[in-house]
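Open the model in your viewer and keep the selection panel at hand. The tour goes stop by stop, each with something to select and a note on what is there.

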Amino acid sequence: ELYGLQWIGMSFTVIPAAQEFIESSSSQQQKSSNLALLVLAINIGCTFAFSIAAGPLRLANANDNEMKLVPINSFLCAWTAATLIDLAFNK
């Protein structure tokens with residue numbers, strides 16, 4: 001359940017921030033672009049921390065679903081971070 005809530009929360013913040021980051025191409029909108037980039041970076045950091053807390057640092061035994069969801073979440077976090085870095089340096 002926590003992964004579902006985390007993914008929903010991530011989508012509510014990442015999608016508008018990514019749209020704002022992509023649309024802000026002029027120099028006047030640079031502050032808005034920087035804020036969107038900051039939102040994306042914080043979200044990726046929190047998602048990665050959640051994945052670590054739910055995976056290797058887990059205190060209780062994981063069930064079968066959690067054994068599958070932790071690597072999926074880690075992959076999505078790494079993919080999003082790589083895409084964000086590519087966008088930030090190629091903009």
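A residue counts as buried when its relative accessible area is under 20%, as exposed when that area is over 50%, and as partly exposed in between. The model shown here is predicted.

**Stop 1: the whole chain**

Colour by secondary structure. The protein chain has 3 helices and 0 strands, and from the N terminus on its elements run α-α-α. Helix 1 covers 2-23 and helix 3 covers 64-90, while helix 2 takes in residues 30-54. Of the 91 residues in the chain, 22% are buried.

**Stop 2**

Select Ala36, which is found in helix 2. Is Ala36 buried or exposed? Its relative accessible area is 5%, and because the cut-off for buried is under 20%, Ala36 is classed as buried.

Ala36 and Glu20 are 16 residues apart along the chain, and 6.3 Å separates their C-alpha atoms. Glu20 has a relative accessible area of 30%, so it is partly exposed.

**Stop 2**

With a relative accessible area of 48%, Leu38 is partly exposed.

**Stop 3: the largest pocket**

Rolling a probe the size of a water molecule over the atoms shows where empty space is left. In this model, the largest pocket holds about 300 Å³ of space. Which residues are closest to its centre? Select Met10, Val14, Leu40, Trp79 and Thr80: of the 15 residues that line the largest pocket, these are the closest to the centre.

Next, colour the lining by helix. Helix 1, helix 2 and helix 3 each supply at least two residues of it. The largest share, 7 residues, comes from helix 1. Then colour the lining by residue type: 12 residues of the lining are nonpolar, 3 are polar and none is charged.

**Stop 4: Ser74 and Ser51**

Finish on helix 3, where Ser74 is found. Ser74 is partly exposed, since its relative accessible area is 28%. Select Ser51 as well and draw a C-alpha to C-alpha distance: Ser74 and Ser51 are 6.2 Å apart in space and 23 residues apart in sequence.

Notes:
Residues are numbered from 1 along each chain as its sequence is written. This is a predicted model: local features need pLDDT of at least 70, side-chain atom pairs count only at pLDDT 80 or more; totals for chains, interfaces and linings use all residues. Side-chain values use heavy atoms; hydrogens and water are left out. Helices (H or I, at least four residues) and strands (E, at least two) are DSSP runs, numbered from the N terminus. Buried means under 20% relative accessible area, exposed over 50%, partly exposed in between (1.4 Å probe, protein chains only). On a 1 Å grid over the protein atoms alone, a cavity is a set of points where a 1.4 Å probe fits but cannot get out, and a pocket is an open set with protein on both sides within 12 Å along at least five of seven lines; lining residues have an atom within 4 Å of a point. Grid points are joined across faces, edges and corners, and a volume is the space filled by probe spheres set on the points. Ala, Val, Leu, Ile, Met, Phe, Trp, Tyr, Cys and Pro count as nonpolar, Asp, Glu, Lys and Arg as charged, and the others, Gly among them, as polar.
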